[in-house]
Amino acid sequence: MRSMVRKGLWGTRSIARLDRAVVRAVSRLPEGRHDAILKNLSEAATKGKLWFALAGVLGAVPGKPRNAAIHGLLALGVSSAVTNLGFKTLVPRARPLPEHLPAFRFVNPQPTSSSMPSGHSASAVAFTLGVALVHRRLGAALAPVAAGVAYSRVHTGAHWPSDVLLGSTIGAGAALLTRNWWPLRPPVPDTERSPAEAPAIDDGEGLSIAVNALGGSYSPDTETQLQEIFPKAYIHLITEGEDIAEEIQAAAEKPGTKALGVWGGDGTVGTAADAAVEHSFPLLVLPGGTLNHFARDVDARSLEGALEAAMTGAAAWTDLGHVTAGRGVDGKDEVTELIMLNTASIGVYPNLVRRRERLQPALGKPLAGLVAGLRTFGAATPTTLLINGVHHKLWILYLGRGRYYPRDLAPLTRPVLDDGVLDIRMVTADEPFARLRLLWAVLTGTVATSKVTHLSEASEISIEAVGEPLVIAVDGEPLPGVRTAKFTVRRRALRVYSPPS
């Protein structure tokens, strides 16, 4: 077996002659500073020290550099395993002898492992190409270093040129293989808005604002600030113990109202959206709560942005999700209907998000997501339910009102507000060895393409609990004791003020 592999890889006389010819050419190069530089570079790359150090530097920069470092290390690990545990065992080969190169250039002591293939070259190419597949400019910057490491192995007599060539090929293959594990995310589409008619409110006349005093950023100065911005607006304060829905209705029913404003988090905004639709008012979102995902998606991240939209009458159509949840023994004893502005979830998704957000300041989002995923799914218990009449065991059912990006378990942005779809993402436990598959997908960053992950879209979906009733989180608010639930999309149900792009 070993003999066959050796003959297939490097046993031909032509390759041996070429190896010796290249080494002779290198031996005739004059002595200079480059000898010390290449020797030091080769030593720095031993056991991956150089690449681990570079990964540490890149990992300190959130975003693409950190992702590139992680992918580079993943490719390096695969190439090292294939090189050292596979080829070096199957293909023993003697390294160049001292007489092949000048003494000042020859590495001392020479490695004792098989010469075929070059592990240094495999690691250098794997890490560099792995980085380049995520961040091209960083990969281009590292390419000369990787080439220098690969050449240094011939220059110092540690390897034959064909060893370096095979090692480089293994490294490139490892990087491309891990790209299949960690596929490129599809590009996020450009933001699109469908214009809607809304009255311009430059001084607040005709604007009723419901302010939730329990919102995360509320302070005694909030009312004063809003009154200064909209001096003629009616401001209705909702305090502790008051029913939010009833108080928002009271604000909407104020005589002379032609637009409804809301200060609060996503839960408060969802209640206001329902009232705005009922009274055919456009909605002005003023970000003032703990969670303001909808405000972000309509480009009303600040009071200044909301003011600009109100003053110019710039508005857009947005869909609304509608949830009908049944409770009781058979799901008919009590029926709750509510608006879904953003998302709903069943299973461990809320725990995953909470863990990730808690770890993110210290670890950054990619690593925090990895750690949170391993912790969450390692101890998770699947939920059993019927989805559109089909029996499933799953860890996560995620529903987005509208198509979110990226297309994985960390959706962040919603470029289009009126696409008419529910973004459905399931992580199931139906498959054999489902937990191991899931943990491997989390570890390799391939949850989006794993066989346990299912992405689809629909305009409606029905859910029924099997066994224990469900807890459904709608826009971050838990709804316990649910037996049945139906989610639908109400197309272009709401006009919302949004600054012109």
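Because the model is predicted, local features need pLDDT of at least 70 and side-chain atom pairs count only at pLDDT 80 or more, while totals for chains, interfaces and linings use all residues. Residues are numbered from 1 along each chain as its sequence is written, and side-chain values use heavy atoms, with hydrogens and water left out.

**Aromatic rings and a charge over a ring**

- The ring centres of Trp 51 and Phe 127 are 5.6 Å apart and their planes stand at 35°, so this pair is tilted.
- Trp 51 belongs to helix α4 (residues 49–59) and Phe 127 to helix α6 (residues 119–134), so the pair ties together parts that are 76 residues apart in sequence; helices (H or I, at least four residues) and strands (E, at least two) are DSSP runs, numbered from the N terminus.
- Trp 51 is buried at 0% relative accessibility, and Phe 127 is likewise buried, with a relative accessible area of 0%; here buried means under 20% relative accessible area, exposed over 50%, and partly exposed in between (1.4 Å probe, protein chains only).
- The rings of Tyr 398 and Tyr 404 have centres 6.4 Å apart and planes at 80°, so this pair is edge-to-face, and both Tyr 398 and Tyr 404 are buried.
- The charged end of Lys 254 sits over the ring of Tyr 234, 4.7 Å from the ring centre, a description that requires NZ of Lys or CZ of Arg to be within 6 Å of the ring centre and within 35 degrees of the ring normal.

**The second largest pocket**

- The second largest pocket has a volume of about 860 Å³, where a pocket, on a 1 Å grid over the protein atoms alone, is an open set of points where a 1.4 Å probe fits, with protein on both sides within 12 Å along at least five of seven lines.
- Grid points are joined across faces, edges and corners, and the volume is the space filled by probe spheres set on the points.
- The lining of this pocket has 34 residues, of which Thr 343, Tyr 349, Pro 350, Val 353 and Gly 476 are the closest to the pocket centre; a lining residue has an atom within 4 Å of a point.
- At least two lining residues come from each of α12 (293–297), β8 (343–347), α14 (349–363), β14 (470–474) and β15 (477–497), and α14 gives the largest share, 8 residues.
- By residue class the lining divides into 16 nonpolar, 10 polar and 8 charged, with Ala, Val, Leu, Ile, Met, Phe, Trp, Tyr, Cys and Pro taken as nonpolar, Asp, Glu, Lys and Arg as charged, and the others, Gly among them, as polar.

**The largest nonpolar core**

- The largest nonpolar core has 25 residues, and those with the most contacts inside it are Ile 248, Leu 260, Val 269, Leu 283, Val 285, Phe 294 and Leu 494; such a core is a set of buried Ala, Val, Leu, Ile, Met, Phe, Trp, Tyr and Cys residues joined through side-chain atoms within 4.5 Å.
- At least two residues of this core come from each of α10 (244–252), β4 (259–264), α11 (266–278), β5 (283–287), α12 and β15, with α11 giving the most, 5 residues.

**Prolines and backbone angles**

- The peptide bond from Tyr 405 to Pro 406 is cis, with omega near -5°, and Pro 406 lies in the loop between β10 (390–401) and β11 (422–428).
- Asn 388, although not a glycine, has a positive phi of about 50°; Asn 388 is placed in the loop between β9 (383–387) and β10 and is partly exposed at 48% relative accessibility.
- Arg 492, in strand β15, also has a positive phi, near 45°, in a residue other than glycine, and is partly exposed with a relative accessible area of 39%.
- Pro 144 is found in helix α7 (residues 136–155) and counts as exposed at 57% relative accessibility.
- Pro 255, in the loop between α10 and β4, is exposed with a relative accessible area of 69%.

Methods
Phe/Tyr/Trp six-rings, centres within 6.5 Å; stacked < 30°, edge-to-face > 60°.
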